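Dear colleague,

I am handing over to you the structure we talked about, and below it I have written out what was found. Please keep it open while you read, so that you can look up each place as it comes.

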Amino acid sequence: MEEMKNIENFDWELLAKYINNEVNSREKLEVESWLNASVKNREELEKTRQMLKKVDVLFKNKKFVSDVAWKNVHSKIHPVQSEIFQHKKTRKEVILRFYKYAAILLVALLLGSVVYISFRNQMPALFQTVSAKNQVVNDYILPDGSVVTLNRNSTLLFPKHFKKDVREVTITGEAFFDVKPNANKPFIINAGDVQVKVLGTSFNVCAYPETETVEVVVKTGKVQVTRKNTGTEVENRQVFLLPGEKGTLFSESHALEKSVNTDPNIISWKTHDLVFNEIPLSEVIQCLEKVYNINIQVKEPELNDLVLTAHFDKKPVDFILNVVRLTFNLQLSGENEQFTLSSRKKNQ
Amino acid sequence: MNQSDDKALFKKITDGDVKAFEALFHAYYGNLCRFASGIISDNEMAEEIVQNLFVKLWEKRTQIEVETSVKNYLYRAVKNQCINFIKHNNIKIDHLQNIQTEKAVQIQPDEIFLELELAKKIEQSIQSLPVKRREIFILSREEGLKYTEIAQKLNISLKTVEAQMGLAIKTLREKLKNHISFLILFLCFHKN
């Protein structure tokens, strides 16, 4: 009876402070003398500590969400069953009439999005992204030692740890890859509807969602470019590219074409090394806008036809624009990424 | 879940019972991840290791022989996977030596296994606290904030934090009284 009273009357506030290391020296003495008073008191402290330990463990365990993890594990232990399920579905579709197709498609889409969403939910655990917004991300090193440079508004998604037999990444936007050679572990890049497969080489991939093409230009080595969605009537499914060659996938026609790259400035966004060989000013401006992330207005349309031949290696954009101005005797105005070129004569 | 429960569950798993496998998975997942993360200091990799272990466990379920207990088997497997991971990645961790030379494959004495049932009970008890008290308690235990930091964050007085923490611990202690003491006994028994 006495012991019960002892605990009930005890100052929980003080005991909590003691356990949480929040007591001052006077309070500490007070608790310690209480502890010395009886075994029961010491037991009570120990039990409370044990309980809080469990609580702490609960908080830590909760960081690992076993429901999501189970879905992941479950999908890996039943690959065969899900395949059979899909086959049955296709057979059914053949039997059903046309008006029912829409409903089935909707179900399939819903199923697809559920799978997609649950896949996405698992991604934080296993995947990592690197994004470039207004600044180029230079020489980002991937887990295998390959080096990526990301252009503005681009994102690269890759697993925290590559699989045993393949190194697979996904890019939106533009990037230059310098892939570390490893013949046993091909490097695969998913870019829009294109898959790029390499063993060890360097090349540029440009796949901004808003543009109508996906372009791959090879600097060194050999690269295989494959169109992902098969089943279309277009012939070329894949092309092999050698240094200086370019593969282009046109989103509209699904055509995959191989050509010789004639643009010396394909990776200038990374190198800031610009070569213009008798290039119309309109194209020069397009190129400068992309490389330096600026906006250049031309006042008189006829200026666009002026032809420039020049080589700028790692020059600031002001310098380049001043060379253009002096070469063609123009006027240059503006600052902070907004420039205007105009004819000198008309303004006088 | 005690040892005989585990063994019964494991018997079902070897017979191909997915539901039993799922039950085992949920009972161990958080605990094993926390254990692995304690060794390799990487939460995400810890989850990958534990998930891969369970996939392999299912694939080889008919060949696996559990000698002591399912729990020991799982902890030992996770520990080995962590050691492999560290070796493979050449990560230098001070206590790696200790892990390797450690002959006993028993779980470390301070390694706490939180059973699903008790986890639920604790969760309910915390949920039953008044909102403000619960918030203060979580900031203290989960986020590890000092009293003054909690007071600042919630814009309340230090005195309020002290009083609420005292009440929170008192309530939990009362609600969990029977469960915790039972578990201490069980742990002592298990260690011997």
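Between them, chain B and chain A bury about 4600 Å², and 67% of that area lies on carbon and sulfur atoms. As background, the accessible area lost when parts come together is often used to state the size of an interface. Please bear in mind throughout that this is a predicted model.

The interface

In terms of residues, 52 from chain B are in contact with 42 from chain A.

Which helices of chain B each supply at least two residues of the side that touches chain A? They are α2 (18-40), α3 (43-59), α6 (116-127), α7 (131-141), α9 (158-175) and α10 (177-191) of chain B. The most is given by α2(B), which contributes 11 residues to the side of chain B that touches chain A. Sorted by class, that side of chain B has 29 nonpolar, 9 polar and 14 charged residues.

A salt bridge within chain A

Glu30(A) and Arg26(A) also form a salt bridge, and their closest N and O atoms are 3.7 Å apart. These two residues are separated by about one helical turn, because they are 4 residues apart in helix α3 (residues 25-37) of chain A.

A sheet of three strands in chain A

Further along chain A, 3 strands form an open sheet in the order β15-β18-β17, and the pairing is mixed. Its edge strands, each of which pairs on one side only, are β15 (295-298) and β17 (330-335) of chain A. On average, neighbouring strands of this sheet are turned by 20° against each other, direction ignored.

β15(A) pairs with strand β18 (residues 338-343) of chain A in the parallel sense, over 4 bridges; here Asn295(A) has Gln338(A) as its bridge partner in β18(A), and Val298(A) stands opposite Leu341(A). β17(A) and β18(A), by contrast, run antiparallel and are joined by 6 bridges, with Ser333(A) standing opposite Thr340(A) of β18(A). The hairpin of β17(A) and β18(A) has 2 residues between the strands, and in this hairpin Asn336(A) takes a positive phi near 50°.

Helix α10 (residues 317-328) of chain A lies across β15, β17 and β18 of chain A, and runs at about 155° to β17(A).

Another set of strands in chain A

Elsewhere in chain A, strand β1 (residues 127-132) and strand β4 (residues 154-159) run antiparallel and are joined by 6 bridges, and Ala132(A) stands opposite Ser154(A) of β4(A). β4(A) also pairs in the antiparallel sense with strand β5 (residues 167-178) of chain A, in this case over 3 bridges, and Thr155(A) stands opposite Thr172(A) of β5(A).

With best wishes

Definitions and conventions: Residues are numbered from 1 along each chain as its sequence is written. Chains are lettered from A and ligands numbered from 1 in the order in which they are written. This is a predicted model: local features need pLDDT of at least 70, side-chain atom pairs count only at pLDDT 80 or more; totals for chains, interfaces and linings use all residues. Side-chain values use heavy atoms; hydrogens and water are left out. Two strands pair if DSSP finds at least two bridges between them. Axes are lines fitted to C-alpha atoms, for helices over the stretch in contact, and angles run from 0 to 180 degrees between N-to-C directions. Contact means heavy atoms within 4.5 Å. Buried area is the accessible area (1.4 Å probe) that two parts lose on being put together, summed over both. Ala, Val, Leu, Ile, Met, Phe, Trp, Tyr, Cys and Pro count as nonpolar, Asp, Glu, Lys and Arg as charged, and the others, Gly among them, as polar. A salt bridge is a side-chain nitrogen of Lys or Arg within 4 Å of a carboxyl oxygen of Asp or Glu.
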